[in-house]
Amino acid sequence: MLDGRRLTFRLAGINNQNFVMRDEQTGTWWQQVSGLAIQGPLKGKRLTLIPHDELMFATWKTEEPRGRVLKTDPKIVKEEDYEPADWEDKVGKFPVKVAKAPGGPLEPRTLVVGIAIKGKSKAWPHASVLSSGATIDQVGDVPIALVVSPDGRSLRVFDRRMKDQTLTFVRAGTDLKESTLLDLETMTEWDFQGRAVQGELAGSQLTPVDYLLDYWFDWKTYHPDTEVLKPWTPVVKKKAKSEIPAPKGPGEKKDEGRVTKDEGKNKKDEGKKDH
Amino acid sequence: MRRRTWPLWVALILTVAVGVGIIAFPTLYIMPFKPQTVTAVAVGLSLLWVALLGSRLRRWWTRALALLVLIPVGGGAWFARQNHFEWMFNPLKQPEYVDAAKATFVHNDDIVMAVNIRGAAVAYPILQLGYHHIVNDVVSGEPIVATY
């Protein structure tokens, strides 16, 4: 929906490995990842991003038992044209052919969690985020927490500010499935939906923050000024003390030394995902 | 904002006018009971010579060559109206949905893109979105497009 006009979109091309869609009503071409009209009568306009989650189906079903699910098209099923279960792994190995190499500390096809707030943007390697359970950081001056679901794959990001204080979240417990999300300030227990379930802040709800799962090369294209974190490994309790790696683990603030600020000119907003 | 289309119209009208003119001038000028000048007759006959170009191709290979030249022209006009991206990825013309409990085609560990607009929740399984790329939908009266 744009300026009161309802648009219907169709697949219409590709631009630096992110697809371009075209609306039937005005014939304008739109860049999928940014939602920006790049050519046509509505050039320069931008679609509004709807808050959304990328969740494991089982987790979604538990949260939304009355929700509806997009049905498969029998024709495509018959032709076995739907993507196979290991599709993401395969796409992860596709070559990257873009006009400008992304640079930075990551390989172009590293999957990153990207967040853009008020003109500031930051990206974290997805694998590192998942391995950490809870990552606390900030984008510009907004303190945030990247919280992994007990399912080990679903991710949500929240604003850490709650009534006058900024909370520091940790995942307590060695096993993610049985861990609890706590804040160190009040020791309140929180769930994956950002609700305080037990403790001083019980009943409170954290404000979700939109994020984009994207490849590093694509995120960098649309957020040239982005900061980016190098991959890290969480502290894992091991018998031999000397083997513990230097990088800091879950719930600890990332030191600035591992944040790479990249040079660039303009800034853009977020969209959805590329392939 | 509307795109200016008048230059295209001018080009089209000019092309048609030239095509009609090539035939119309000799036909209307070289007529009984009409005076003709030597120069104008020469011009008229030259125009006819151009118009009859096709019929002068007598050898089979010159005709074949002319046809080969025309094929890309016709083919191009046709292809410009096709969407070959949708040949690769068939669009969902009428997306259908099932209740969460009945979605047996989605595995528990599959990833879905999920929205919840004013209490109405919809999940778009990534493996389906990864094929169609685009699903136009309306959730709680809100027209949205799920893209991947």
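Of the 275 residues of chain A, 39% count as buried, a residue being buried if 20 or more other C-beta atoms lie within 10 Å of its own, exposed if 12 or fewer, and partly exposed in between, with C-beta atoms placed from the backbone. The model is predicted: local features need pLDDT of at least 70, side-chain atom pairs count only at pLDDT 80 or more, and totals for chains, interfaces and linings use all residues. Residues are numbered from 1 along each chain as its sequence is written, and chains are lettered from A and ligands numbered from 1 in the order in which they are written.

The secondary structure of chain A comprises five helices and 21 strands; helices (H or I, at least four residues) and strands (E, at least two) are DSSP runs, numbered from the N terminus. Among the contacts in chain A with a separation of 6 or more, 52% are between residues 24 or more positions apart. Two residues are in contact if their C-beta atoms, placed from the backbone, lie within 7 Å.

An open sheet of four strands in chain A has the order β1-β2-β3-β4, with antiparallel pairing; two strands pair if DSSP finds at least two bridges between them. Because β1 and β4 (37-39) of chain A stand at the edges with a single partner strand each, one side of each is left without a neighbour in the sheet. On average, neighbouring strands of this sheet are turned by 40° against each other, direction ignored; the axes are lines fitted to C-alpha atoms. Within the sheet, β2(A) and β3(A) (residues 29-31) pair in the antiparallel sense over three bridges, and Met21(A) has Trp30(A) of β3(A) as its bridge partner.

Further along chain A, strand β7 (residues 111-117) pairs with β19(A) in the antiparallel sense over four bridges. The bridge partner of Val112(A) in β19(A) is Asp214(A). From β19(A) (residues 212-215), Leu212(A) and Asp214(A) point one way and Leu213(A) and Tyr215(A) the other way, and all are buried.

In soluble globular proteins, nonpolar side chains tend to be buried together. Here the largest nonpolar core has 42 residues, and Val113(A), Ile115(A) and Ile144(A) are among those with the most contacts inside it. Such a core is a set of buried Ala, Val, Leu, Ile, Met, Phe, Trp, Tyr and Cys residues joined through C-beta atoms within 7 Å. Beyond its neighbours within four places in sequence, Val113(A) is in contact with residues including Ala123(A), Trp124(A), Leu146(A) and Leu213(A). Another core, of 36 residues, lies apart from the largest one and includes Phe19(A), Ala100(B), Ala103(B) and Val112(B).

Glu227(A) lies in strand β20 (residues 227-229) of chain A. With 19 other C-beta atoms within 10 Å, Glu227(A) is partly exposed. The C-alpha atoms of Glu227(A) and Ala123(A) are separated by 6.3 Å, although the two are 104 residues apart along the chain.

The contact between the chains takes 41 residues from chain A and 48 residues from chain B. On the side of chain A that touches chain B, the elements giving two or more residues are β1 (9-15), β2 (18-23), β5 (53-56), α1 (57-63) and β6 (68-70). β1(A) gives the most, with five residues. This side of chain A divides into 19 nonpolar, seven polar and 15 charged residues; Ala, Val, Leu, Ile, Met, Phe, Trp, Tyr, Cys and Pro count as nonpolar, Asp, Glu, Lys and Arg as charged, and the others, Gly among them, as polar. β6(A) pairs with β3(B) (residues 120-125) in the parallel sense over two bridges, and Arg68(A) has Val122(B) as its bridge partner in β3(B).

Definitions and conventions: Axes are lines fitted to C-alpha atoms, for helices over the stretch in contact, and angles run from 0 to 180 degrees between N-to-C directions.
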